[in-house]
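Keep the viewer open and follow along as we go.

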Amino acid sequence: MNEIIDKYTTHSKNLGKTDKQPSIDLNLEHSKCSSLNEQLAEASLQLRQMRGEELEGLNVEELQQMEKNLEAGLQRVLSTKDQQFMQEISELQRKGIQLAEENMRLRDQMPQVPTAGLAVPDTENVLTEDGQSSESVMTALNSGSSQDNDDGSDISLKLGY
């Protein structure tokens with residue numbers, strides 16, 4: 001019974017103290033809130049000034065410092081962009097090598113196709129998407145890969161509408 005009474009008195013004393021505690025906590029939170037609002041306003045002003053807005057209140061020294069900051073930031077942006085371009089170029093070169101190897105592998109796997117009866121007349125001269133004629137494309141392809149056609153066969157593809 002005494003323990004229950006002690007708990008009751010202790011609890012009632014703590015309730016009296018907690019009434020004062022929230023007001024202290026509330027004042028502390030209010031001051032933090034106003035401090036954060038001030039920081040937000042200052043950061044917003046700096047951002048607008050970095051964008052070239054609201055520069056009227058700045059002196060020459062502040063403008064020069066802002067110019068240096070912007071130039072340093074621009075250099076970092078350009079450097080990052082160059083790195084990304086170089087990574088993309090390397091990746092595309094790697095993919096190009098893989099595709100060339102795959103092309104060679106598929107060419108080696110391709111069975112020799114007899115061309116008897118499959119000849120297409122050369123009277124058609126079709127333009128490709130980039131404006132080259134099919135005849136000029138085939139000439140370029142055949143001149144670059146003449147060692148592959150040592151058996152005398154001519155395998156060609158003509159595209160038309």
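Arginine 105 is partly exposed, at 37% relative accessibility; the label covers everything between buried, under 20% relative accessible area, and exposed, over 50%, with a 1.4 Å probe and protein chains only. Its partner is glutamate 102, and the two form a salt bridge in which the closest N and O atoms are 2.4 Å apart. A salt bridge here is a side-chain nitrogen of Lys or Arg within 4 Å of a carboxyl oxygen of Asp or Glu. Glutamate 102 is partly exposed too, with a relative accessibility of 33%. Both residues sit in helix H2, 3 residues apart, or about one turn of the helix. Helices are DSSP runs of H or I with at least four residues, strands are runs of E with at least two, and both are numbered from the N terminus.

Before going further, please note that this is a predicted model, in which local features need pLDDT of at least 70 and side-chain atom pairs count only at pLDDT 80 or more, while totals for chains, interfaces and linings use all residues. Residues are numbered from 1 along each chain as its sequence is written, and side-chain values use heavy atoms, leaving out hydrogens and water.

How many salt bridges are there by this rule? The count comes to 3. Another one joins arginine 94 to glutamate 91, with 2.2 Å between the closest N and O atoms. These two residues are also in helix H2 (residues 60-109), and because they are 3 residues apart, about one helical turn separates them. Arginine 94 is partly exposed, with a relative accessible area of 39%, and glutamate 91 is partly exposed at 32%. As background, side chains of opposite charge can pair when their charged atoms come close.

The salt bridge still to visit links arginine 48 and glutamate 54, whose side chains meet at 2.6 Å, N to O. Arginine 48 counts as partly exposed at 27% relative accessibility, and glutamate 54 is partly exposed at 37%. Glutamate 54 lies in the loop between H1 and H2. Look at its backbone as well: glutamate 54 has a positive phi of about 50 degrees although it is not a glycine. For comparison, most residues other than glycine have a negative phi.

Is glutamine 49 buried or exposed? Glutamine 49 is buried, with a relative accessible area of 11%, and it lies in helix H1. Leaving aside neighbours within four places in sequence, glutamine 49 is in contact (heavy atoms within 4.5 Å) with Glu54, Leu55, Leu58 and Met66. Methionine 66 is 17 residues away along the chain, yet the C-alpha atoms of glutamine 49 and methionine 66 are separated by 8.5 Å.

Now move to the start of the chain. Methionine 1 is found in the segment before helix H1 (2-50) and is exposed, with a relative accessible area of 75%. Met1, Ile4 and Ile5 form a nonpolar patch on the surface, with about 370 Å² of accessible area together.

Zooming out, the protein has 3 helices and 0 strands, running α-α-α from the N terminus on. Of its 161 residues, 6% count as buried. Among contacts with a separation of 6 or more, 31% are between residues 24 or more positions apart.

Finally, how far should each part be read? pLDDT is the predictor's confidence in each residue, from 0 to 100, and the protein averages 77, with 63% of the residues scoring at least 70. Confidence is highest in H2, at a mean of 95, and lowest in helix H3 (residues 134-144), at 55. Over residues 145-149 the pLDDT is below 50, and that stretch has 2 contacts beyond near neighbours in sequence. Residues 116-126 also stay under 50, with 12 contacts beyond four places in sequence in the model. Where pLDDT is low, the predicted coordinates should not be read in detail.

How values were computed
Patch = residues over 30% accessible without salt bridge, like charges linked within 9 Å, V, L, I, M, F, W, Y side chains within 5 Å. Areas by Shrake-Rupley, 256 points an atom, 1.4 Å probe, with all protein chains shown as cover.
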